[in-house]
2 protein chains.
Amino acid sequence: MTSSKASTMKDVAKQAGVALGTVSKVINGIPVSEKNRLKVEEAIRTLHYEVNTYARGLKIQKSNLVALIIPNTHNPFFAGFADHIESSLYKRGMKLLLCCADGIPEKEIDYLNMAVNNKVDGIIALTYSDIGKYITRDLPIVVFDRFFENQVIPRVASDNFAGGCLAVEKLMEFGCRHPIYIRFHSVFPGESDKRKDGYLYACKKHDLEPDYLDVVDCDERIPVMKEFLTKHKNPDGTLTFDGVFAHTDYHGYLFKKLLLQEGFHVPEDVQIIGFDGIPKFGNIEDGLFVSSICQPVEQLAEKCVEILVSENAPSLTLLPVKYQYGGTTKE
Amino acid sequence: MTSSKASTMKDVAKQAGVALGTVSKVINGIPVSEKNRLKVEEAIRTLHYEVNTYARGLKIQKSNLVALIIPNTHNPFFAGFADHIESSLYKRGMKLLLCCADGIPEKEIDYLNMAVNNKVDGIIALTYSDIGKYITRDLPIVVFDRFFENQVIPRVASDNFAGGCLAVEKLMEFGCRHPIYIRFHSVFPGESDKRKDGYLYACKKHDLEPDYLDVVDCDERIPVMKEFLTKHKNPDGTLTFDGVFAHTDYHGYLFKKLLLQEGFHVPEDVQIIGFDGIPKFGNIEDGLFVSSICQPVEQLAEKCVEILVSENAPSLTLLPVKYQYGGTTKE
């Protein structure tokens with residue numbers, strides 16, 4: 001066998017015919033049944049599994065803890081991301097410290113300090129506050145989506161630019177001739193800014209006149225959207241646009257509610273495509289809130305962990321997105 | 001001042017005019033500005049704040065970590081619960097280890113072992129698997145909702161019985177004369193079983209004929225509900241019931257979808273009240289999926305933590321629920 005691909009804990013579990021958790025316990029010296037311990041040990045020998053294969057990039061003095069900094073888990077996108085990060089860490093024998101930093105920047109600093117002091121092995125951050133200045137080159141950290149001026153930080157994101165293009169092209173495919181873009185954005189730069197770039201690029205490519213609502217996020221989203229809507233009505237009461245690419249599913253959902261309130265029909269008068277792919281009740285079988293360009297949350301989480309524990313981290317890793325129907329398009 | 005109420009870290013932050021995180025850092029010896037450190041130290045003296053006030057019930061050898069075992073964070077109820085537990089721990093200078101145990105019972109055992117080995121200070125568990133047999137009297141643990149035969153474990157839950165009564169009485173108030181109850185239940189006993197008891201009690205009290213769909217949870221929820229619906233049609237096509245108390249918002253949401261598919265109107269023909277109070281997109285401003293008996297998630301989380309760190313834990317603590325409109329009732 002010449003393959004240089006290292007065996008994973010998953011391979012060991014499969015080979016031994018036991019659960020991942022059992023392998024993890026054997027490796028961490030936690031008692032399991034004699035029978036299972038022998039099975040796992042044999043599988044480790046057979047596969048030449050090296051316990052630290054995955055963790056080679058992390059410090060020697062291990063806590064086996066990784067801190068995940070996210071704004072909150074109320075937002076279903078963050079909640080799903082946290083869930084997948086936890087699974088991804090667990091199968092490598094690591095555990096997740098959850099830090100919901102919404103509105104409390106001191107919390108982020110607190111967790112960054114833990115990393116500096118070797119109390120956690122690394123940090124995965126999905127944050128909208130300005131922690132860039134606290135991050136040093138030595139800190140094992142991966143950021144999701146956000147862009148920091150300190151360029152050494154490895155970033156993982158969806159291919160937002162391609163997603164913006166895809167949204168426009170899907171709306172065109174379903175008959176739209178005047179797709180607009182709407183966004184309430186954070187003051188911090190991030191990869192998600194490229195959704196708009198993708199929208200503008202696709203408009204230019206397909207000879208469409210771009211038009212958008214793009215303002216800093218605020219408490220008055222509904223009045224702001226209402227004013228935008230009023231300005232986009234023709235004298236006969238119809239709208240100047242027939243499609244909306246919303247920066248997030250949530251923006252799309254809010255805009256849909258407003259359109260319905262104003263007597264328009266979705267998707268008959270206006271089709272809407274959001275971004276994120278958020279399922280109702282967290283179950284994909286229950287469908288999405290709006291048709292959407294879906295982020296591959298599970299793969300994104302896996303990639304963040306993989307990069308955190310690897311020696312050679314690429315500075316930017318983008319994963320592909322895909323379209324999914326969610327009731328607000330003619331498809 | 002004769003009050004014996006101990007000061008909290010929150011009081012110190014308020015007195016010092018600094019953020020909670022700053023107080024936490026001073027207590028944990030993490031550097032803050034000289035000015036803030038002096039302010040915090042003065043507030044600690046003024047208030048006679050004792051750092052370990054909250055943690056007196058926990059072991060002396062502290063990790064300051066508490067493991068939260070939940071099935072997942074995809075489910076918005078669990079996600080919200082995790083968020084509030086994290087906040088509640090943070091303000092006491094403790095951190096949250098997140099364990100999503102869905103389908104992997106070994107994970108729960110893994111975390112229970114950590115508690116036994118002093119690697120975490122305690123465990124808060126919201127679990128549907130059978131970990132009761134692994135729990136000993138010495139383990140600092142609080143369970144949410146679930147009932148274990150091992151009675152020594154302190155439990156926290158919503159007042160599910162009162163919630164069942166309230167659902168029936170609200171449906172009656174809005175004009176229902178034939179409220180039914182629907183549930184797909186876990187095989188493990190829990191406090192939430194009392195929702196049905198409350199429903200039955202209120203039916204008896206108000207001289208209503210009880211009627212329900214109550215089966216073990218399965219993959220065929222829709223066919224099961226459809227069969228139930230067919231059996232409850234009058235010869236003229238109308239239904240034998242005019243109100244539904246659903247065991248969870250999710251069950252209510254599924255039943256609503258089915259009713260709409262079958263040509264009935266909600267709330268005109270049938271009113272629905274669920275249980276949980278799950279807001280769309282995790283934002284209470286965006287409303288609920290269905291009208292609901294809402295669990296006080298934030299207070300439940302706070303209570304779990306409070307009990308975990310207290311010396312004298314009551315064996316059962318129930319918190320009150322309340323009704324909230326969510327579009328599926330005539331109110």
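**Terms first**

I note that buried means under 20% relative accessible area, exposed means over 50%, and partly exposed lies in between, with a 1.4 Å probe and protein chains only. By that rule E262(B) is partly exposed, with a relative accessible area of 28%.

I am working on a predicted model, where local features need pLDDT of at least 70, side-chain atom pairs count only at pLDDT 80 or more, and totals for chains, interfaces and linings use all residues. Residues are numbered from 1 along each chain as its sequence is written, chains are lettered from A and ligands numbered from 1 in the order in which they are written, and side-chain values use heavy atoms, with hydrogens and water left out.

**Entry 1: the interface**

I looked up how chain B meets chain A. I found 45 residues of chain B in contact with 45 residues of chain A; contact means heavy atoms within 4.5 Å. The size of an interface is often given as the accessible area lost when the parts come together. Here the area buried between chain B and chain A is about 4,000 Å², and carbon and sulfur atoms give 58% of it. Buried area is the accessible area (1.4 Å probe) that two parts lose on being put together, summed over both.

I then looked up polar pairs. Across the interface of chain B and chain A, 17 residue pairs are in polar contact, both residues being at pLDDT 80 or more. A polar contact is a pair of N or O atoms within 3.5 Å; within protein, one must be able to donate a hydrogen and the other to accept it, and residues adjacent in sequence count only if both atoms are side-chain atoms.

On chain B, the elements that give two or more residues to the side touching chain A are α2 (20–28), α4 (76–90), β2 (95–100), α5 (105–116) and α9 (249–261). Helices (H or I, at least four residues) and strands (E, at least two) are DSSP runs, numbered from the N terminus. α4(B) gives the most to this side, with 9 residues. The residues on this side of chain B divide into 21 nonpolar, 13 polar and 11 charged.

Strand β2 (residues 95–100) of chain A is joined to β2(B) by 3 bridges, and the two run antiparallel. Two strands pair if DSSP finds at least two bridges between them. L97(A) has L97(B) as its bridge partner in β2(B).

**Entry 2: salt bridges between the chains**

I counted a salt bridge as a side-chain nitrogen of Lys or Arg within 4 Å of a carboxyl oxygen of Asp or Glu. The structure holds 34 salt bridges over all chains, and the count between chain B and chain A is 4.

One of these joins D110(A) and K95(B), with the closest N and O atoms 3.5 Å apart. This pair crosses from helix α5 (residues 105–116) of chain A to strand β2 of chain B. Are D110(A) and K95(B) buried or exposed? D110(A) counts as buried at 1% relative accessibility, and K95(B) counts as buried at 9%. I also found a salt bridge between D110(B) and K95(A), at 3.5 Å from N to O.

**Entry 3: salt bridges inside a chain**

E227(B) and K231(B) meet in a salt bridge of 3.2 Å, N to O. Both lie in helix α8 (residues 221–231) of chain B, 4 residues apart, about one turn of the helix. E227(B) is partly exposed at 47%, while K231(B) is exposed at 62%.

K233(B) forms a salt bridge with E262(B), the closest N and O atoms being 3.3 Å apart. K233(B) is in the loop between α8 and β8 (243–246) of chain B and E262(B) in the loop between α9 and β9 of chain B, so the pair ties together parts 29 residues apart in sequence. K233(B) counts as partly exposed at 33%.

**Entry 4: backbone**

Most residues other than glycine have a negative phi, and most peptide bonds are trans. I looked for exceptions. A cis peptide bond joins V266(A) and P267(A), with omega about 10°. P267(A) lies in the loop between α9 (249–261) and β9 (271–276) of chain A. In chain B, V266(B) and P267(B) are joined by a cis peptide bond, with omega about 10°.

D276(A), which is not a glycine, has a positive phi near 135°. D276(A) lies in strand β9 of chain A and counts as buried at 9% relative accessibility. F281(B), also not a glycine, has a positive phi of about 55°. F281(B) is in the loop between β9 and β10 (292–294) of chain B and is buried, at 7%.

Key:
Nonpolar A, V, L, I, M, F, W, Y, C, P; charged D, E, K, R; others polar.
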